[in-house]
Amino acid sequence: MSNKNDTGKAYHLKCTGDALRTADAHSAPSDWTLFGSCFCPFVQRVWVALEYFGMDYHYYEVDPYKKPPELLEVSPKGLVPALKFNNLETPRSLNESIVILEYLEDVATVQKKGSLLPPISDPYARALMRLQADHINRNLVPAFYRYLQAQEPEKQIEGGREFISAIEGLVKLFERAAAETNTDVGLWKEGGKLSLADVMAGPWLFRATHVLVHYRGFTLPEDAKFRAYIDRLVSHPAFKSTCSTEELYLESYERYAYNRPNTSQVANAINSGRGLP
Ligand SMILES: N[C@@H](CCC(=O)N[C@@H](CS)C(=O)NCC(=O)O)C(=O)O
């Protein structure tokens, strides 16, 4: 091992805690199969939405680094999440967390199971939420990995600043939506309902509260409103039901924290300055 503090822990292959209970409750065949991995934040996005809408699905754990043929059939780059449609004459599937989220949002709208977006009657509010989503993908998510993978102390300090600034950018967009619209701004507002932005950012904000704290000595912004937001997010029933125990994340992310070679396509993209897969 190149770094003496790297204890060589492997990523987990089975959920724990609340997520295990949810996976067990969805272990029977269904019209949809969610190809997931217990540690994966992109999977968690889709999983939270499935839980939020109360949809029927089969949770199926795969190792995306081993790329079994059944995963490659439903996701060309062998990335999780993927959603497979069973019981159709011709095989169908979707990959890419955001594409799957939008698909679920459409199905939920048609089936009147709720929505993660403000109502269609308020296109401006919907657009503001999509701005939040865009910021999350463009800034918050890559900043999380750059920070976690940074090895030199100066790079870690810079990574921490960049991650904080991505959080502040998101907060500004939440505040803007609250000021400019009368409809939903998600959990940012006390009493608000879960939003697309909450689902998209939640998995990384949640991991920041333990993975970044543990490996980078990160402290979440002190701002009381932000702290209250994080509490609402991680205790939301749909979110909480997809969370494993802290230990699972700490162990699964050790390879990122020591920037082990070939950790993942995401880690390689960060190391080479390319966009995320
Ligand atoms: N853009 C994809 C990214 C998904 C992704 O990177 N998933 C990781 C697990 S967290 C994966 O499958 N990695 C396999 C690999 O790196 O080969 C999405 O949003 O769904």
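1. A polar contact here is a pair of N or O atoms within 3.5 Å; within protein, one must be able to donate a hydrogen and the other to accept it, and residues adjacent in sequence count only if both atoms are side-chain atoms. A backbone N or O atom of Q265 is 2.7 Å from an oxygen atom of the ligand. A backbone N or O atom of P277 lies 2.7 Å from a ligand nitrogen atom, and a polar side-chain atom of K67 lies 2.6 Å from a ligand oxygen atom. Taken alone the ligand exposes 520 Å², of which the protein buries 95% (Shrake-Rupley areas, 1.4 Å probe).

2. The model is predicted: local features need pLDDT of at least 70, side-chain atom pairs count only at pLDDT 80 or more, and totals for chains, interfaces and linings use all residues. Numbering runs from 1 along each chain as its sequence is written, and side-chain values use heavy atoms, with hydrogens and water left out.

3. The ligand is surrounded by 15 residues, the closest being C40, K67, S97, Q265 and P277 (a residue is near a molecule if one of its heavy atoms lies within 4 Å of it). Helices α2 (41-53) and α12 (265-271) each supply at least two residues of this shell; helices are DSSP runs of H or I, at least four residues, and strands are runs of E, at least two, numbered from the N terminus.

4. Residues 30-112 are 40% helix and 20% strand, with end C-alpha atoms 20 Å apart. Residues 122-265 are 72% helix and 0% strand, with end C-alpha atoms 38 Å apart.

5. Some backbone geometry deserves a look. The peptide bond from V80 to P81 is cis, with omega near 5 degrees, and P81 lies in the loop between α3 (69-74) and β3 (82-85). E96, not a glycine, has a positive phi of about 75 degrees and is placed in the loop between β4 (92-95) and α4 (97-110). K112, also other than glycine, has a positive phi near 55 degrees; the loop between α4 and α5 (123-149) holds K112.

6. How accessible is E96? E96 is partly exposed because its relative accessible area is 33%, whereas K112 counts as exposed at 73% (buried is under 20%, exposed over 50%, partly exposed in between; 1.4 Å probe, protein chains only).
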